[in-house]
Amino acid sequence: MLQRAGQQLLGMAVMLFFACPLWAQDDPVVMTVNGTKVLRSEFERALLCNHRQQHFSKSEMQVFAAAYADYRILVEEARMLRLDTLATYRQQVNPMDLDEAQHRYDCWKQQVAAKGGLVRPSHILVALEQKATKAEQQRAKQRIDSLYRALSEGADFADLAQRFSDEKATAQQGGRCPWVMRGQLLQEVEDRLFGMEKGQIAPPFLSPQGWHIVKLTDKCSFLPYDQLAEWLAETSRLQKLRTAWNKVHGIHALCNAPETEEVSASAGSLPSMEYPCPPDEELAYEVERRMVWQKPLDEAEMLHYFETHRKNYQWEEPRFKGIAFRAASKKVAKKVKKSLKGVPFHQWRSLLQSAYTTDEVEVVAQAIFAAGDNAIVDKEVFGRDSAPQAAANKPICAVFGKRLKAPDALDAVRYTVEADLREEIRRKWMESLRKKYSVWIDEKILQTVNKH
């Protein structure tokens, strides 16, 4: 495909409206989830949005199919719980107002224009493996040269792309691709497209994916507001959901959408106007948020999980559980250390703040420190040649605490334990849902995805 390969798999439904439409005369069912049919075209749209590569091994396709089935299971569970009817949920997914839509449009327009605007290419690919033999390389070169000669003699680009391009997703559209900007394309493709005139066809060129012929179908600085208003509202709504999702649990997200308005190449191409965004993604978010990531955790449950899996929380290097502080004199520093003996760790900071004035003692940090986390700890505990900064009226840098070879209590690794426990809760919950909702995948149809 024209777009960069190797980007991280996003959530199963993330921004399906970014994809090119993948219509086919024959559209068989690739899977059913709880009796709901998933057509091959729908599965291909999800695949195109979530992966930037075109060719998948059998095992890779099976992994994606299983993940997509899990996503559909979440949607089924959300509907069974009638989450889509709750007022609180419906308020969450209300689109933004017109002023915000216009502001977002203006920001994106300015950023895209600064990158050179938008181009809409058409594309023919003759795929060539990285380890192709000389004979395979020669056949691919002959094939692309033959196609280019035909185009030079007046052949229809769309017809040749549909019949001969190895990029099946765009071949069905006569090689037509979505609107794209700089940063979303293979460098070899980008170097040519942004220097071409509308209607121009570039001679064949080679990339790590194979031989390409590209035609600049159209170009503009940005798309009109009216054409993007609905998509802008949908984009903002999904981004707000993901931002809230991350802030709630801070350890997991189905998708990794940027929280700024900076246009991100990893977010996909500009929208296809033929497909609206399905409402299912919010349902999948909501049901998992309620059942896993915002579910209250009992302290006893956390402690039991930590004790049961203690061996998983060992450190490669010793750490220091303590406090780093600055003192007005060595005498004051010695007095501080004496006053902290026998006091619970979580009370140290408040004790010092109540027992000493700011002119006497300044608490720099209290934590479980690894080497490199704090200059004072590095020098006083780990023997590093660091230079902690002393204050003019508090020249003594000191520490109090103890070195640990491994976590001595839950609090030492609480956030990691919580993340792991919630993942365990999710795993067991998903196992129960897979038993609750039947999934059937047609392996024969799955093997035809992007190949028909």
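Which residues does A406 touch, not counting residues up to four places away in sequence? I'll start there. A406 touches Q314 and W315. This is a predicted model, so please take everything I say about contacts and angles as computed from that model.

Staying with A406 for a moment: A406 sits in the loop that runs between strand 8 (396-404) and helix 15 (414-436). With a relative accessible area of 22%, A406 is partly exposed. The cut-off for buried is under 20%, so 22% puts A406 in the partly exposed class. There is also R319 to mention. A406 and R319 are 87 residues apart in sequence, and their C-alpha atoms are 7.8 Å apart in space.

Now the overall picture. The protein has 16 helices and 9 strands. It has 452 residues, and 48% of them are buried. The accessible surface comes to about 23100 Å², with 50% of that belonging to carbon and sulfur atoms. As for contacts between residues at least 6 apart in sequence, 76% of them join residues at least 24 apart.

Next, two helix pairs. The axes of helix 2 and helix 15 come within 10 Å, and the crossing angle is roughly 80 degrees. Helix 2 and helix 15 are therefore roughly perpendicular to each other. On the helix 2 side, the contact is made by D70, I73, L74, E77 and M80. On the helix 15 side, the residues are R426, W429, M430, L433, R434 and K436. By class, this contact of helix 2 with helix 15 has 6 nonpolar, no polar and 5 charged residues.

The second pair is helix 5 (residues 134-152) and helix 6 (residues 157-164). Their axes also come within 10 Å, but here they cross at roughly 155 degrees. Helix 5 and helix 6 are therefore roughly antiparallel to each other. The crossing of helix 5 past helix 6 is right-handed. From helix 5, the residues involved are R143, L147, A150 and L151, and they meet F157, L160 and F164 in helix 6. The contact of helix 5 with helix 6 divides into 6 nonpolar, no polar and 1 charged residues.

On to backbone torsions. Most residues other than glycine have a negative phi. Two residues here are worth checking against that background. N34 is not a glycine, yet has a positive phi of about 55 degrees. N34 lies in the loop between strand 1 (29-33) and strand 2 (36-39), and at 35% relative accessibility it counts as partly exposed. R82 is not a glycine either, and has a positive phi of about 60 degrees. R82 is found in the loop between helix 2 (58-80) and helix 3 (87-92). R82 is exposed, at a relative accessible area of 53%.

Where does G199 lie? G199 is in the loop between helix 8 (187-193) and strand 4 (205-207). At a relative accessible area of 40%, G199 is partly exposed. Leaving aside neighbours within four places in sequence, G199 is in contact with K215 and L216.

Note on methods
Residues numbered from 1 in each chain as written. Predicted model: local features only at pLDDT ≥ 70, side-chain atom pairs only at ≥ 80, totals over all residues. Heavy atoms only, no water. Axes fitted to C-alpha atoms, helices over the stretch in contact; angles between N-to-C directions. Helix = DSSP H or I, 4+ residues; strand = E, 2+ residues; numbered from the N terminus. Parallel < 35°, antiparallel > 145°, perpendicular 65-115°, else oblique. Left-handed = near helix turned anticlockwise from the far one by under 90°. Contact = heavy atoms within 4.5 Å. Nonpolar A, V, L, I, M, F, W, Y, C, P; charged D, E, K, R; others polar. Buried < 20%, exposed > 50% of the residue type's maximum accessible area, 1.4 Å probe, protein only. Areas by Shrake-Rupley, 256 points an atom, 1.4 Å probe, with all protein chains shown as cover.
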